[in-house]
There are 2 protein chains.
Amino acid sequence: MIGIKRLAEHLNISIGTVSRALNNRPDVSEETRQRVLEGAAELGYVANQSGRSLRQGTTRAVGFMIESGADPGGNSDDFFLGVFDGAQYVLGRHHLDLVVLPCSTDEDPALYLRRMVARRIVDALIISATHREDSRVELLSKAHIPFIALGRTATASDHPWIDLDFEGVANRAIDRLVARGHRRIVVGLPNNDINLGFVFLEGVRSALRRHEIPFDPSLIIRVASSEAGGYQLGNEALVIKERPTAALLIYELMAIGLYRRLAEAGLQPGRDLAVIGFRESPLSKFLSPTLTCFRVSLRDLGISLAQALLASMPAYAHLYPDGAVHKMWPMELVEGESDAIL
Amino acid sequence: MIGIKRLAEHLNISIGTVSRALNNRPDVSEETRQRVLEGAAELGYVANQSGRSLRQGTTRAVGFMIESGADPGGNSDDFFLGVFDGAQYVLGRHHLDLVVLPCSTDEDPALYLRRMVARRIVDALIISATHREDSRVELLSKAHIPFIALGRTATASDHPWIDLDFEGVANRAIDRLVARGHRRIVVGLPNNDINLGFVFLEGVRSALRRHEIPFDPSLIIRVASSEAGGYQLGNEALVIKERPTAALLIYELMAIGLYRRLAEAGLQPGRDLAVIGFRESPLSKFLSPTLTCFRVSLRDLGISLAQALLASMPAYAHLYPDGAVHKMWPMELVEGESDAIL
DNA sequence: CAGCATCCCGTAAACGTTTACGACGATAAG
DNA sequence: CTTATCGTCGTAAACGTTTACGGGATGCTG
């Protein structure tokens with residue numbers, strides 16, 4: 001593979017000048033710059049990032065960490081692809097590449113991330129699925145590595161984050177169900193310590209308080225964020241004495257499982273049990289009955305994430321003067337047939 | 001961030017010795033090696049990959065390219081996560097990291113890949129969704145960059161690839177439908193030049209030939225690999241004179257759309273139209289009626305891909321003496337209710 | 001005791017960039 | 001004519017590693 005040295009002697013120019021020409025520095029004549037660019041194209045020269053990183057202490061790439069192994073199927077993955085798309089759009093304008101870092105199964109995620117930064121694979125990070133107490137945000141903050149979290153932590157500190165407004169949305173969902181006459185509402189939460197579960201629950205409790213409905217802990221059911229979890233939730237919900245009339249599910253996959261369990265019991269969602277699920281997915285409107293849920297505009301979310309990340313990177317902060325962001329991301333109600341009037 | 005030099009003077013050892021100790025070279029005493037390891041742990045030293053890459057000409061990472069923007073929702077993405085998981089398992093044993101390279105929307109994929117290798121982001125590549133004529137395999141072959149393709153190309157040459165056995169599976173599906181009395185079978189193919197569409201069609205034609213059923217081009221319908229595409233396929237299928245009695249769909253998302261279109265026409269899949277879809281996804285068994293489809297063990301596929309890739313990398317080839325691989329990946333029938341007897 | 005092999009370890013070059021610094025010629029100002 | 005300014009370019013150091021090479025100490029053999 002050809003380096004800058006070979007390119008320089010091919011053109012009979014010093015390598016310093018070649019470098020300056022390629023990097024659009026001012027102190028090189030327009031004529032030689034053209035020669036250099038043509039020569040580079042001709043020889044197929046592309047800068048070796050190792051050398052560049054070593055000198056500049058910076059790689060032009062940011063990492064996006066997804067949770068792959070941990071919770072398979074937990075998020076139907078149009079989510080990530082949509083967010084990617086937006087983030088990549090913004091980062092691409094700055095010639096930054098976006099690489100995806102899978103969550104290694106047998107390594108501490110925080111250490112893995114530190115390693116990827118120290119190895120100069122990426123300069124900055126987008127992390128998602130933050131847990132209640134998340135070792136990643138602690139380590140990244142302490143190490144002063146630029147990052148943004150999709151999701152808060154319990155001790156939401158001063159690092160930049162954007163979080164889906166699960167609290168607000170839980171409130172609106174409860175309002176809607178109560179307005180339709182429901183008072184016993186079962187709530188499906190994830191059975192791990194992912195933070196949005198707690199946020200969601202908080203929203204439910206505050207809404208119930210507003211409507212002066214006593215909080216019944218037996219209506220809170222924690223299951224896997226999967227179809228199987230939804231099925232199990234159905235199992236547990238059906239044996240609750242004083243049967244609930246509505247269900248609020250934090251993942252749309254749970255809805256599929258719940259639908260199935262209800263069908264087995266000869267019950268029909270939307271008639272025998274009102275169902276509201278988060279988040280809208282490609283499935284939602286092909287379920288029967290169609291699922292009432294909340295939509296988040298994925299691409300815009302990715303764009304905002306990338307912008308907030310850039311704002312927290314010293315080299316780009318001046319372009320995004322709003323500074324590091326703490327933002328609640330709104331979600332929009334999508335009416336389906338699954339939450340009937342009592 | 002602390003480098004090897006600081007670590008060396010902290011220990012009063014030369015940096016050469018420190019490097020040798022960390023890399024498990026033989027010519028360093030066991031005692032000093034221990035001291036070095038302890039010191040590294042104490043100071044939190046982790047090798048800078050830029051320096052290492054520059055010296056060795058190698059980064060310990062391989063890239064996995066997915067198609068993100070091009071065909072949104074084309075593959076429901078449990079597919080990629082499953083394959084990842086397997087690939088990462090194998091690569092991790094060799095201390096290789098796996099990074100995902102999204103398919104940039106506004107850049108030629110082949111050039112993008114070349115850039116990622118030249119920039120020393122990755123050493124080798126796994127590419128997927130190969131097209132009929134794929135500029136990526138041409139460029140990567142020519143540049144002697146180690147890679148493996150998930151999917152053949154039209155001019156399937158001597159580069160390593162693993163391909164889902166769409167031809168065999170098309171044969172089995174046709175056999176099954178014919179055995180159940182169907183003779184007019186509509187086939188849903190993707191409307192781009194992704195190679196598996198052609199392979200699939202080839203399988204269909206050979207099966208029809210075996211059963212001495214004339215090939216009717218009007219039964220081949222090319223649509224987007226999405227739910228919307230399936231709906232459109234339904235539109236077109238319903239107006240075919242001499243109505244087909246069965247449908248073979250290359251993507252399971254098409255099945256959802258087709259189901260919907262049939263419902264609107266008052267028809268029921270599995271009774272009025274037999275449906276077989278590829279590939280099994282989390283959805284398949286929650287459709288009603290459940291979808292007959294074919295299963296591929298994703299994790300094993302990822303494992304095989306990684307092994308074949310390693311076999312084609314000079315530094316690892318000796319560990320996988322089977323050499324570069326051309327392999328057809330088997331798929332297993334999952335019986336559902338959607339392909340009725342005529 | 002000379003000679004030799006062995007075991008460790010230090011020295012320094014090399015990888016491909018970027019960039020501070022200085023040099024050179026040409027032009028403008030005094 | 002001298003001096004300052006400016007535009008352009010070459011030189012060389014630096015980034016953090018790895019590794020070929022050589023050298024000193026030690027033990028062994030003859």
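Before the model itself, one convention: I call two residues in contact if their C-beta atoms, placed from the backbone, lie within 7 Å. Okay, so this is a predicted model, where local features need pLDDT of at least 70 and side-chain atom pairs count only at pLDDT 80 or more, while totals for chains, interfaces and linings use all residues. Residues are numbered from 1 along each chain as its sequence is written, and chains are lettered from A and ligands numbered from 1 in the order in which they are written.

Helices (H or I, at least four residues) and strands (E, at least two) are DSSP runs, numbered from the N terminus. Axes are lines fitted to C-alpha atoms, for helices over the stretch in contact, and angles run from 0 to 180 degrees between N-to-C directions.

Let's start with the sheet in chain A. Six strands form an open sheet with mixed pairing, in the order S7-S6-S8-S9-S10-S12; strands pair if DSSP finds at least two bridges between them. S7 (220-223) and S12 (332-334) of chain A sit at the edges with a single partner strand each, so one side of each has no neighbour in the sheet. From one strand to the next, the twist averages 20°. Inside the sheet, S9 (274-278) and S10 (292-295) of chain A pair in the parallel sense over three bridges, and Phe278(A) stands opposite Phe294(A) in S10(A).

Which helices lie across those strands? H10 (227-238) of chain A lies across S6 (185-190), S7 and S8 (246-249) of chain A, at about 145° to S7(A). H11(A) lies across S6, S7, S8, S9 and S10 of chain A, at about 150° to S9(A).

Now the two protein chains. Chain A and chain B each put 37 residues into their contact. On the chain A side, H5(A) gives the most, with six residues. By class, that side has 18 nonpolar, 11 polar and eight charged residues. For the classes, Ala, Val, Leu, Ile, Met, Phe, Trp, Tyr, Cys and Pro count as nonpolar, Asp, Glu, Lys and Arg as charged, and the others, Gly among them, as polar.

On to DNA strand D. It has 27 residues around it, with Ser14(A), Gly16(A), Ile4(B), Gly16(B) and Gly51(B) coming nearest; "near" here means a C-beta atom, placed from the backbone, within 6 Å. H1 (4-11) and H2 (15-22) of chain B are among the elements giving two or more residues to that surface.

Last, that helix pair. The axes of H1(B) and H2(B) come within 9 Å and cross at roughly 105°. They are therefore roughly perpendicular, on a scale where angles under 35 degrees count as roughly parallel, over 145 as roughly antiparallel, 65 to 115 as roughly perpendicular and the rest as oblique.
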